[in-house]
Amino acid sequence: MRTFLFLFAVLFFLTPAKNAFFDERCQRLKGTCTDYCKKNEEIIALCQKSLKCCLTMQPCGKMTED
């Protein structure tokens, strides 16, 4: 029983650290954590609590006529 309580305590305290890792990764990639991505966004990573890290896609280069 002591082993179970010890493992529960360890996992309970490690969970916030793991979740913060996902948010930091999203911020490093210049994304935003949201429930869903818009049409002009793509999923680049996962955030905590089942959120998606979305980044706005860059539009294709416009062809200009000279």
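**View 1. Overall arrangement of the predicted chain.** This is a predicted model, in which local features need pLDDT of at least 70, side-chain atom pairs count only at pLDDT 80 or more, and totals for chains, interfaces and linings use all residues. Residues are numbered from 1 along each chain as its sequence is written, and side-chain values use heavy atoms, with hydrogens and water left out. The chain contains one helix and three strands, which follow one another from the N terminus as α-β-β-β. Helices (H or I, at least four residues) and strands (E, at least two) are DSSP runs, numbered from the N terminus. Of the 66 residues, 12% count as buried; buried means under 20% relative accessible area, exposed over 50%, and partly exposed in between (1.4 Å probe, protein chains only). The chain exposes about 6,300 Å², of which carbon and sulfur atoms supply 63%. These areas come from the Shrake-Rupley method with a 1.4 Å probe; for residues, only the protein chains shown count as cover.

View 2. Met1 lies in the segment before α1 and is exposed, its relative accessible area being 74%.

**View 3. The three-stranded sheet.** The strands form an open sheet in the order β1-β3-β2, with antiparallel pairing. The edge strands, each pairing on one side only, are β1 (32–34) and β2 (41–46). From one strand to the next, the twist averages 45°, where axes are lines fitted to C-alpha atoms (for helices over the stretch in contact) and angles run from 0 to 180 degrees between N-to-C directions. Two strands pair if DSSP finds at least two bridges between them. Three bridges connect β1 with β3 (residues 52–56), and five join β2 to β3.

View 4. Leu46 stands opposite Lys52 in β3. The hairpin of β2 and β3 has five residues between the strands, and Lys49 there takes a positive phi near 55°.

**View 5. Surroundings of Cys26.** Cys26 belongs to helix α1 (residues 2–28) and is buried, with a relative accessible area of 1%. Leaving aside residues up to four places away in sequence, Cys26 touches Gly31, Thr32, Cys33, Cys47 and Cys53; contact means heavy atoms within 4.5 Å. The C-alpha atoms of Cys26 and Cys54 are separated by 8.2 Å, although these residues are 28 residues apart along the chain.
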